[in-house]
Amino acid sequence: MAADSAFAAAPAGRLARLGRQLLGQRKAVFGLAVVLAFVLAALFAPWLAPYPPTEQNFADAMQGPSAAHWLGTDSFGQDIYSRLLYGARSALWVGFASVALGLAGGVALGLLAGLRGGRSEWALMRVVDGLLAFPELIMAMAFMAIFGLGLSNVVYALGLSFVGPFARMVRADVLQVKSRPYVEAARLMGVPERDIVARHILPNIASPILIQAGMRVSIAILLGSGLSFLGLGVVPPTPDWGLMISEGRGFITMAPWMSGVPGLALALLLVGLNLFAEGLRDALDPRLRKD
Amino acid sequence: MTTIDHKARLAQAMAADFGRRDFLKTAAAGAGLMAASAVGLPALAQGAPKRGGTIKLAWVEAIDTLDPHFTASAGSIKIINNVFNGLLKVAYDGKRVSFVPDLAESWDMPDEKTHVFKLRAGVKFHNGDACDAEAVKWSLLRVADPAVKSPHGWKFAQLDGVDVADPLTVRLRFKKPYAFLPVALTGSTGRAGTIVCKSAVEKDPKAYGRQPVGTGPFRLVGWKENDSIELARNPDYFEPGKPYLDGAQLLLIKEPSAAVAAMMSGQVDGMSVCPFQFIPQLRKSPDVSVFGQVEGNYAFVGMNNKRAPFDDPMLRRAVAYAIDRKVIVEQSYFGEAIPAYSCISPPMSDFYDPDIAKSGRGQFFDLAKAKEFRAKARTQGEVNPVYIVTDGFTGSGGMGTRNAQLIAPMLAQIGIKPKVELVDRAVWTSRRNNSDFDMYDEAWVADLDPDETIYPEWATGKPWNFVGYSNPDFDAACVAAQDIIDPAKRRELYVKAEDLLMADAPLAVLAHMKVFKIMARKVQDFEYVPADLLDLHGVWLA
Amino acid sequence: MGKKLLAALGQTLLVLLVVSVVSFGFLKLAPGDPVALMLGSDYSRESYDKLYADLGLDRPLPAQYLQWLGRFVQGDWGTSYVSHQDIFQQAVLQALPVTLALAALSLALALAVGIPLGVLAAVRRNSWLDMAASAVAVGGNAFPSFYLGVVLIWIFGVSLGWFPTMGFVAPWQDLGAGLWHLALPAVTLGAWYVGLIAAVTRSSLLEVLEQPYMAAARARGEPGWRVIWVHGMRNVLMPLVTVIGLQLGGMLRGAVMTEVVFTLPGLGMMITSAVQGREYIVVQAGIMITALLFIVVNFLVDQTYAVLDPRLRQHGR
């Protein structure tokens, strides 16, 4: 099987092959370029931003794009371009941090379920099914209702809502790998459980899980902005795309760029992430069509 | 012996004159406070009123309860105004505000402390109960009853007793002359004189606010959460021929831009209130009439006097002088307001000083002075007070978090960096009521007399004194002013009270705002009353 | 077969139990004193004690849970502190139909647009049509629905005036007005799905296009459209059902946004208002009912699976 031989090859060669396959995918390249652009924008925001994101200037409020303000200003006179760059920070942070949290929790649960098997697996999976029954946004909203608003709470809320999906995926992958002949063989040979997990199971589930994680980042960013849009995420005047879109609603006829610019930025980032994740998936195993 | 016409004296004293030229001289907003906004003359009627049709209104403000004795929200008052009647009601002829009998047919004052109301015959509540003198007495006493704990009970503190002279005559006796009575009975922020139905209240007091039963031209027939409130014509209404409308559908739209979109696309016939920034656009629209003037209100920042850091008056004064009101007017109210120097607002023309800007009285922007006070404050070094804000538009209270966001950089200049906490309206209200804040901002609106605009908000121990301010001299001045009818003498007392209030600065006043009602052209005979009312009694659809 | 169904039901029941525990836990975690909240501003010691006992707060946690569960199952979901309205009535009789109507129309729209798009892309593989369809697919999936809704309101609602910008009219009461009011919201919500459906249709169709039985059908002289739509679609059905079922969570999330933007009084709006107003008891009802919906739909999807794919019937899951 392709996956097995891939495993047998040295990791460096595998990575190189992956790189080549990836570049062959136009989607992935385009997506990666977009994502990288946003990541760089976020990282270098303090240097790229012409103005502090919360600096108010009423004389220039609600101006369209101009030489002084490339993307216009909002109703407080804050520079939209600068807020866009800083907003990229919170968006990307929410996306990656919450997915990382969910991943950690999900892997732990999924591994436990997959390895134990039997009754405890069955019970754990029913618990996971229960968690999965709550739509992520609603679970995050309920979390914010209890624990309050703010960027860290958004990360926790979303992270929690991702534990379920990851747990299910991890468990399914663990089961698949567990049943492979060489793993059975290793077990029969008396290799300790811990080593089996570390050397056989984890590396094999790593790629599918990471792909899933990648795809989830765009959902996390979407949900995070959604929460802010509903007034249940970060607090003004934090530069945040969802918050900017929400504030822009009240000015849509006089200053449509207030909602328009962050809306397009968000859409672009999500498209980039989706394309990259899809490209990654197609590159690693074009025959794989499940999600 | 000539009987002194107490009523006429009182009426004259209470009437606010909008048309006086000295009023027009009011400071900042200069060019056309009156000219720019549509003076509320009724739209040119096209023929005789047509009967029928249901008006659809976009309702943006929150509605707390429709029990008039417990409400505190402008959104509720406007509805209550159509479902209930009071002994008196507010009337406006385009120039003067006056108080005319509503449920009562006539209103007499045999002496300074007694008011006699002769009721109309045959008035019935929506459930069929008779609205006679006994019913009126019960309703008035309900407000006054300390056990009921109505937040409007203070309006009857001086009430000595209510007598039923005959089935259609009610006599109110007060311990002292009570100049404020007409406003107390009609005061838009909760009509103490609004008559509620005893049997309905006693059947289920908690639910009465959701299923109000009054005597008004409309009955409440439906209330769907987050959706709409339906009103239907009361066929037994006592004003002949009215109401013309079959009913009203109030669409509850929390997001103001959605309401404006609905208005501009013709989906609704009017808006209960409108965000300031849309006004220029709506004025230009040929299908829409914009009604609005500076009304009796003031926006302010309240500071918690009961705990640090704002238990220190020096710090509070620093805040009061550090705020640039012009910026607030331009940026928070989009120019549709005037800077406030004290609490009393232009419609209270017997008490408002149009030259207050030049008088040096009150609070205003003076950074040097602010820094002076700041240097004398107890806490030097950076202060981080908790500033609670809520999103959600209140037409007469500024736009959600805008004031806080505008004020924060202003205070940073004097070493105060507020910690803004965004919470939802319900949480905000509860924190404000429990004094769980250091700073908050809101507005007291739809006031017609100084007594209601400063007394229950800043006198010791009063229900709306959320900041815990206490100054016995201030209390005494207000109480003294309540007993006097002569406007000149009252004015002196209120000047004194205000000067005390502004100097102690438990609040920093911000602005007096215009309040808008938007109606489609096809809505006829809408009479604008500058007390934030949306009266549908005589309205008809062309 | 019957045994499989029973086993599936049993599993579902257990999951429902987990959901109920989580929902119960949520209300327990919520800050504030529920008795005080329910009684409002002012109450006597005895009414407090009475309600306290009635809510079972003096009993141990597991007993409280059972009491709550018992009441919940019978439709006693409590009364909202604010509106004094029965929550069951509000959630199930008023809000739920609105959300279902929105979801149904959105799905129908997404299928009506997505399937033909996918077919086109498969049949004209790698042509510019394929690229265009791909682009629409990706775009629809990524565009934030709350932003899309706002844009649609102002272009089609206000500027052009073709559609209403808010409000809900029940289609079962007035079909025309109902559909007209739901048009923009359905487009907003459906856009998210169009891409997915198109992608699944395309890939499933591609899988079988070169299969012998398809060639055979063509050889028999069957018209092209019949070949695709009758024979080809059989292979699309299952993945389509899977995807729809799996993405239901996404649809509920989109419904929250869409309802808020278009002021539709559905479940999403109810939950959002309740969270904003910290009305925990309504939030709890909201999360229970959305979870219930999700589980029920998943169960139906699984059973549809079994019916559609005879292979599954024999091997079990």
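**Exercise 1. A ring pair in chain B**

B:Phe117 is buried, with a relative accessible area of 0%. The model is a predicted one.

Solution. 
- Step 1. The cut-off for buried is under 20%.
- Step 2. Take the geometry. Planes under 30 degrees apart count as stacked.
- Step 3. Place the residues. B:Trp107 is in strand S5 (residues 104–111) of chain B, and B:Phe117 is in strand S6 (residues 114–119) of chain B, so the pair ties together parts 10 residues apart in sequence.

**Exercise 2. A ring pair in chain A**

Task: the structure holds 35 aromatic pairs over all chains. Classify the one formed by A:Phe38 and A:Trp241, and say which helices hold the two residues.

Solution. 
- Step 1. The centres are 5.8 Å apart and the planes stand at 65°, so A:Phe38 and A:Trp241 pair edge-to-face. The cut-off for that class is over 60 degrees.
- Step 2. Helix H3 (residues 26–43) of chain A carries A:Phe38, and helix H11 (residues 241–249) of chain A carries A:Trp241. The pair therefore ties together parts that are 203 residues apart in sequence.
- Step 3. Both A:Phe38 and A:Trp241 are buried.

**Exercise 3. Clusters and charges**

Task: which residues do ring pairs link into a cluster in chain B, and which arginines lie over the faces of A:Trp122 and A:Phe76?

Solution. 
- Step 1. The cluster consists of B:Tyr298, B:Phe300, B:Trp428, B:Phe437, B:Tyr440, B:Trp444, B:Trp458 and B:Trp464.
- Step 2. A:Arg126 sits over the face of A:Trp122, 5.3 Å from the ring centre.
- Step 3. B:Arg402 sits over the face of A:Phe76, 4.3 Å from the ring centre.

**Exercise 4. Chain B against chain C**

Task: describe the contact between chain B and chain C. Which element gives the most to the side of chain B that touches chain C?

Solution. 
- Step 1. Count residues: 22 come from chain B and 24 from chain C.
- Step 2. Take the area. The two chains bury about 2000 Å² between them, with 55% of it on carbon and sulfur atoms.
- Step 3. Count the polar terms. There are 0 salt bridges between chain B and chain C. The count of residue pairs in polar contact is 4, both residues at pLDDT 80 or more.
- Step 4. List the elements of chain B that give two or more residues: strand S11 (247–252), helix H8 (256–264) and helix H15 (425–433).
- Step 5. H8(B) gives the most, with 5 residues.

Notes: Residues numbered from 1 in each chain as written. Chains lettered and ligands numbered in written order. Predicted model: local features only at pLDDT ≥ 70, side-chain atom pairs only at ≥ 80, totals over all residues. Heavy atoms only, no water. Phe/Tyr/Trp six-rings, centres within 6.5 Å; stacked < 30°, edge-to-face > 60°. Helix = DSSP H or I, 4+ residues; strand = E, 2+ residues; numbered from the N terminus. Buried < 20%, exposed > 50% of the residue type's maximum accessible area, 1.4 Å probe, protein only. Lys NZ or Arg CZ within 6 Å of the ring centre and 35° of its normal. Contact = heavy atoms within 4.5 Å. Buried area = accessible area lost by both parts, 1.4 Å probe. Salt bridge = Lys/Arg side-chain N within 4 Å of Asp/Glu carboxyl O. Polar contact = N/O pair within 3.5 Å; in protein donor to acceptor, adjacent residues only side chain to side chain.
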